[in-house]
Amino acid sequence: MYWKSAGVTHTEKTVELAVVKAKEYGISSIVVASCTGQTAALVAGKAGNIVCVTHVDGFDKPGMNEMAQDIRDKLTIQNVKLLTTTHVLSGAERAISRKFGGVYPIEIMAHTLRMFGQGVKVCVEIAVMALDAGLIPYGEDIIAIGGTGKGADTAVVIRPAYAANILDTHIAEIICKP
């Protein structure tokens, strides 16, 4: 499914298509990017293993996380695993490029993935982060849901590799994207 535009208007349909694909392929793990928890709430309970990857603390404002604690608590009660950590496709390398200028290998990788859309980059990133954290099984296809700005507009079937072997990541199928 290819959307004519990017953004939040495709969130519910993206989640629906992702869940259908997970059932069709017998995939039990869904990893979803969610800053406020709204997209993660739509996925909660729809598969055996749901992981929500948030922005890092301080992404918007120093010392703050964009997802309110009460939302985190609600998602946890719904058996959604929450992961808040350094983004694998920026992290410390971004600090170097900001300080000294230039572009570095991880940023080139991120920009290359964005050629397929911001959501595809997000899907690769969150899948690798969830694997590195031990929240999804190694060597198995999973569903990753990401987006462009707010909400979700992209879903993929992906077999992530650990960050140390990120180039071994395999995108098996693009379910939907702008």
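Visitor: Which helix gives the largest share of the lining of the largest pocket?
Guide: Helix 6 does, with 6 residues, where helices are DSSP runs of H or I with at least four residues, numbered from the N terminus. This is a predicted model, in which local features need pLDDT of at least 70 and side-chain atom pairs pLDDT 80 or more, while totals for chains, interfaces and linings use all residues. Residues are numbered from 1 along each chain as its sequence is written, and side-chain values use heavy atoms, without hydrogens or water.

Visitor: And which helices each supply at least two lining residues there?
Guide: Helix 2 (38–43) and helix 6.

Visitor: OK, what lies nearest the centre of that pocket?
Guide: Of its 30 lining residues, A33, C35, H55, G149 and K150 lie nearest the centre. A pocket here is an open set of points on a 1 Å grid where a 1.4 Å probe fits, with protein on both sides within 12 Å along at least five of seven lines, and lining residues have an atom within 4 Å of a point.

Visitor: How does that lining split by class?
Guide: The largest pocket is lined by 10 nonpolar, 14 polar and 6 charged residues, with Gly counted as polar and Cys as nonpolar.

Visitor: Switching over, what lines the second largest pocket?
Guide: Its lining is formed by V56, G58, F59, T86, H87, S90, G91, A92, R94, A95 and R98, which divide into 4 nonpolar, 5 polar and 2 charged.
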